[in-house]
Amino acid sequence: MFNKNIKLVITALLIVASFWQFYDRNIGNGIFLLLLTVFPIFLYFKNEFILLSFLRLRKQDFPGAKKWLDKIKNPETALVRKQQGYYNYLHGLMVSQTNLNQAEKFFKKAIELGLSMDMDLAVAKLNLAGIAMSRRRKIEATNLLNEANKLDKQKMLKEQITMMKQQLKKI
C-alpha cells in the first residue's frame, strides 16, 4: 500500500510523462498514460485495502477482512478522513462480535470522522444503540435509534429498529 501522498506524486508523474509523450508526438502513449492516471486518483479516494475488506465482509469472512485491514499500519497518514471513518467502522463491525467496549469506541470514532453513505451511518448508530441498550442507557439508546431511523431512507433496517424499540420498552 502506498501513502496517500505517494499516490498523488504518481499521478503527477504520469501526467508529466503523458504530456512529454504528446510533445514527442507519441499521441497513443500520451492518451494511455493519461488514462492510467485514473487508477492512483481512484485509489487516493478509495483505499484498496478497505475495498478488499468490504468484499470479505460481504462473504461473512471476518478473519479475511481483518487480515486486509491489518495491512494498513498507520491510518492517519495513509488514509483520507472519510477512509479513516470507514476503517473504524469496519473495525467496529468486526469487534462488535467479541468486545463491546472496543466496538463502541470504533463506532463513535467512525461517526466523528464521517461516513459517506447514510446507510453506513445508520448501521453504526444502530450498533451504538444496541451497545447502549445492553448497558441500560435507555435515553441514549432511544436517541440513537431515532437517528438511525431518520438515516434509514430505504427502510432496510426497519425490522431491526422496531425489534430494538420493543426490547427497549422492556428495560
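1. Leu-34 is a handy place to start: this residue is partly exposed, with a relative accessible area of 36%. For the wording used throughout, buried means under 20% relative accessible area, exposed means over 50%, and partly exposed is in between (1.4 Å probe, protein chains only). Leu-34 sits in helix 2 (residues 27-36). Helices here are DSSP runs (H or I, at least four residues), numbered from the N terminus, while strands are E runs of at least two.

2. Some housekeeping before going on. This is a predicted model, where local features need pLDDT of at least 70 and side-chain atom pairs count only at pLDDT 80 or more, while totals for chains, interfaces and linings use all residues. Residues are numbered from 1 along each chain as its sequence is written, and side-chain values use heavy atoms, with hydrogens and water left out.

3. Patches are made of residues with over 30% relative accessible area and no salt bridge; like charges are joined within 9 Å, and nonpolar side chains (Val, Leu, Ile, Met, Phe, Trp, Tyr) within 5 Å. Accessible areas come from the Shrake-Rupley method with a 1.4 Å probe, and for residues only the protein chains shown count as cover.

4. Now for Thr-11, in helix 1 (residues 4-23). Thr-11 is buried, at a relative accessible area of 7%. Setting aside neighbours within four places in sequence, Thr-11 is in contact with Thr-37, Pro-40 and Ile-41. Contact here means heavy atoms within 4.5 Å.

5. Have a look at Arg-25, in the loop between helix 1 and helix 2. Arg-25 has a positive phi of about 65 degrees, although it is not a glycine. That deserves a glance, because most residues other than glycine have a negative phi. Arg-25 is exposed, with a relative accessible area of 75%. Arg-136 also has a positive phi of about 65 degrees without being a glycine; you'll find Arg-136 in the loop between helix 9 and helix 10. Arg-136 is exposed too, at 61% relative accessible area.

6. Ala-65 belongs to helix 5 (residues 62-69) and is buried, with a relative accessible area of 0%. Leaving out residues up to four places away in sequence, Ala-65 touches Ser-53, Arg-56, Leu-57 and Met-94. With residues up to four places away not counted, Tyr-87 touches Ile-50, Leu-69, Ile-72, Pro-75 and Leu-79. The C-alpha atoms of Tyr-87 and Gly-114 are 11 Å apart, the two being 27 residues apart along the chain.

7. On to the salt bridges: a search of the whole structure finds nine. A salt bridge is a side-chain nitrogen of Lys or Arg within 4 Å of a carboxyl oxygen of Asp or Glu. One of them pairs the side chains of Glu-104 and Arg-135 (2.4 Å, N to O). This pair links distant parts of the chain, 31 residues apart: Glu-104 is in helix 8 (residues 100-113), and Arg-135 is in the loop between helix 9 (118-134) and helix 10 (138-151). Glu-104 is buried at 9% relative accessibility, whereas Arg-135 is partly exposed at 30%.

8. Glu-104 has another partner: its side chain meets that of Arg-137 in a salt bridge (2.8 Å, N to O). Arg-137 lies in the loop between helix 9 and helix 10 and Glu-104 in helix 8, so this pair ties together parts 33 residues apart in sequence. Arg-137 counts as partly exposed, at 29% relative accessibility.

9. Another salt bridge joins the side chains of Glu-147 and Lys-125 (2.4 Å, N to O). Here the link runs between distant parts of the chain, from Glu-147 in helix 10 to Lys-125 in helix 9, 22 residues apart. Glu-147 is partly exposed at 34% relative accessibility, and Lys-125 is buried at 13%. Through shared partners, salt bridges join Glu-104, Lys-108, Arg-135, Arg-137 and Glu-140 into one network.

10. Last, the charged surface: Lys-155, Lys-158, Lys-165 and Lys-169 gather in a patch of positive charge. Lys and Arg count as positive and Asp and Glu as negative, with His and the chain ends not counted. The place of a charge is taken as NZ of Lys, CZ of Arg, CG of Asp or CD of Glu. Lys-169 lies in helix 11 (residues 158-170) and is exposed, with a relative accessible area of 68%.
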